[in-house]
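Thank you for making time for this.

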Amino acid sequence: MQDAGHSVSPPSARRLPRPPRALVALLGIVLCVGLCWALTVPPWQAPDEIAHYGYVESLATGFRLPGHADRSGESTDQARADLATGAQRGAFFPASSPPSWSRAEFRSYLRANTRSEAHRSDGGGPSTAAGNPPLYYLIAGAGYLIDGGGTAFGRLYAIRLEGVVLLLLTALGAWLLAGETFGRRRLPQLVTAATAALLPMSSFISTDVNPDALMITEWTFGLWLGSRVINRAARTADVAALCAITAAAILTKSSSYAFVPGLLLAVILGLVRRPAGQRLPRIPALTGCGALLAGPVIAWLAVSRSIGGTAISQVYTAGRPFNTRQFLSYLWQFYLPRLPFMIRFRLTPQLPLNQIWIDQGAGSFGWLDVSLPTWAYNVAKVALGVLTVSSVWFLARLRGLRRLGLLGFYLLSLFALLAVLHVTEYRQTLGGGSTFLQGRYLLPTVSLLGLAVALLVSRLPRPTRAPAGGLVMVGLLGAQAISLVAIVQAYYL
Amino acid sequence: VRLRGPARRGALTAAVAAIVVVVVLVISGLRSGPVRSFALRVPSASPVATVRAKRPVCEGPVTASGQTSLVGVFGAPKRGLSRLHVTVRDAGTGDHGRVLATGAAVTAEVMTEDLVALDRTVPAGHSLRVCVRATTNPFVLEGAPASAVGVRMTGHRRAQFSLVLDHRASFIGSLSTAFSRAAVFRPAWVGSWTFWVLTAAFAATFGLAIVAVAQAADADEE
């Protein structure tokens, strides 16, 4: 028998690197906050959660993409649970029609719950989620199957708890991203990761049944990998990983095509940072990496087309052509007050920049029907204003190819996402549709907001950096507390 | 753990900020606000009736699980301001049952929930009929096609107006109610206790935040 005191190899050789304590503490916070969100929000009281759950169920029970005209959007099992809790009836109206909290109604639902496989697999009809690619729903299916034999509520909350893992991964990805951007400086890393994961909307969306949850994580890792590609001069493994994560993002939500220009820029900048003689020989290997992006995407497009799907979400334009001048007018009126000669193109009562990006981004929960107190939005605007001005100030002084390259990659990723979203909304309005954009659609780039906060903290005078980091952390937790209180008041009091 | 100067400053600032945030949260949580004793669960989705001074609309019977000191109706005046008058009657004594409480409130021209404070608190468990009339200007009540079984709105068989019965209580004092409500329609392993544990864990995150900042600042000093 081997003596306990004599190991085969020295302990130091077998020991895994210890994670930074600040990261461990942050992940503990994120875990707790994620669980609060996942369990506190009532069933199906998140944007389109009814449709997204239906998609997961359709894949998990019959491996069938939804959208069949001859089927129902909700399975019998989901419809019963929905009716029992009043989820669909009360969506948008939590004040007058909060979800049921009657124990008698819940007992009645449990008695009637047949646990029949047939009642769970008869959904898969048309729904607002039917045009989405399947990756998120396949992954969420694992959560669904954990409680496959229980109630619809057990399955729904199992998927939501999977979202807590995604939120933890987002925090980790943002930590790594800040490591690439600022170097291994723990305070900026902590601030970036905390902002990305503890912004209330980020926690809310990540822990709901919604492909945006996975998209936030994928974009965060994509931004990190893109930074690695630039910093490490386009190493094959980094480029391959970047292509793979981009493909995953596209297979999660079509708006992730917006990440492709950033990917291309990152690879080009990475190549440029290599010595001139090493650039051309790298191209075949990098082209091979491109197969990791193109392969899955083309395969999905082919599969989707073969079964009559659309693969890329179609926007109804009523046959009206894209009018560049009108689009620019729409864009102007989204961000700035309308000029006298412009035709009114307003989709919201207030300036859309304010109402959609800022207010909804700061906190608009449930089916956009649970808001924060007015003062909280004003605080968010002031904080965002300070952040914007300081970021522009510091970024204008950036020098060096690597730093400017990183900045270009981040900005291109952000603006490409904005462009895709705005074009989609403009085209939708051509078809007579109402407002398409929501504050949460910018969440894939939430880690860039984290980087901006970290930049501000890291450029403060040295003695004030740690206190500023402390204020950011506590401020985020305060925002979490106010948001969770708003949820409890709206639905349960 | 011995912390260097910046880490100590960071931890101290975070600790002071955390105490301030927690104190503010507790103070605001002790303030009294409306808590639903009953909700008819009819969405305030569309206009269902217009009430005037001599044309009240009544709805019932409904039974609140807790006491009622506020009545919430949804809608807006047709124009300008309107004065809403609410009468809560005992539904057990017929259409013109004994008046248990009354109240009035001025409402503005915005579609929202209008809370009318009653002159007396109605105890829990009563079968109630709530009547609404409006003076100054007509008031448009919001509601939806009838969905609450056994509840009838006068003059409209197929519709019901949205109705909520509230009482006043502090947020912190109502947490046990909120958590017992939140535990319904959840997986079998979730109960009220889950939300108490989560509340305690959430409070502990402020401590973890202090640790995280101190460790990060300390590591940066190395």
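Predicted model: local features only at pLDDT ≥ 70, side-chain atom pairs only at ≥ 80, totals over all residues.

Let me begin with one pair of side chains, Arg228(A) and Asp238(A), which form a salt bridge whose closest N and O atoms are 3.0 Å apart. Arg228(A) belongs to helix α12, residues 211-231 of chain A, and Asp238(A) to helix α13, residues 236-250 of that chain, so the bridge ties together parts that are 10 residues apart in sequence. Arg228(A) has a relative accessibility of 15% and therefore counts as buried, and Asp238(A), with a relative accessible area of 4%, is buried as well.

In one of them, Arg160(A) is paired with Glu49(A), with the closest N and O atoms 2.8 Å apart. This pair links distant parts of the chain, since Arg160(A) sits in helix α9, residues 152-182 of chain A, while Glu49(A) sits in helix α3, residues 49-62 of chain A, and the two are 111 residues apart. Are these two residues buried or exposed? Arg160(A) counts as buried because its relative accessibility is 0%, and Glu49(A) is likewise buried, with a relative accessible area of 0%. The two are also part of a network of salt bridges, in which Glu49(A), Arg160(A) and Asp208(A) are linked.

The other example again involves helix α9. Arg155(A) forms a salt bridge with Asp77(A), and here the closest N and O atoms are 2.7 Å apart. This pair too links distant parts of the chain, with Arg155(A) in helix α9 of chain A and Asp77(A) in helix α4, residues 76-85 of chain A, 78 residues apart. Arg155(A) is buried at a relative accessible area of 0%, and Asp77(A), at 5% relative accessibility, counts as buried.

Now to the place where the two chains meet. The contact takes 64 residues from chain A and 54 residues from chain B. Together the chains bury about 4800 Å², and 74% of that area is on carbon and sulfur atoms. On the side of chain B, Arg36(B), Arg41(B) and Phe185(B) supply 19% of the area buried against chain A, more than any other three residues.

As for polar links, 19 residue pairs are in polar contact between chain B and chain A, counting pairs with both residues at pLDDT 80 or more. The elements that give two or more residues to the chain B side are α1 (5-29), β1 (32-39), α2 (175-182) and α3 (192-221) of chain B, and α3(B) gives the most, with 19 residues. By class, that side has 35 nonpolar, 11 polar and 8 charged residues. The rule finds 1 salt bridge across this interface, and a bridge between Arg462(A) and Glu221(B) joins their side chains at 3.8 Å, N to O.

I will finish with Ser96(A), which lies in the loop between α5 (87-90) and α6 (103-112) of chain A. With neighbours within four places in sequence left aside, Ser96(A) is in contact with several residues of chain B, among them Ala39(B), Arg41(B), Phe74(B) and Val164(B). The side chain of Ser96(A) reaches the backbone nitrogen of Ser44(B) at 3.0 Å. Why does Ser96(A) count as buried? Ser96(A) counts as buried because its relative accessibility is 1%, and the cut-off for that word is under 20%.

Key
Residues numbered from 1 in each chain as written. Chains lettered and ligands numbered in written order. Heavy atoms only, no water. Contact = heavy atoms within 4.5 Å. Buried area = accessible area lost by both parts, 1.4 Å probe. Salt bridge = Lys/Arg side-chain N within 4 Å of Asp/Glu carboxyl O. Polar contact = N/O pair within 3.5 Å; in protein donor to acceptor, adjacent residues only side chain to side chain. Helix = DSSP H or I, 4+ residues; strand = E, 2+ residues; numbered from the N terminus. Nonpolar A, V, L, I, M, F, W, Y, C, P; charged D, E, K, R; others polar. Buried < 20%, exposed > 50% of the residue type's maximum accessible area, 1.4 Å probe, protein only.
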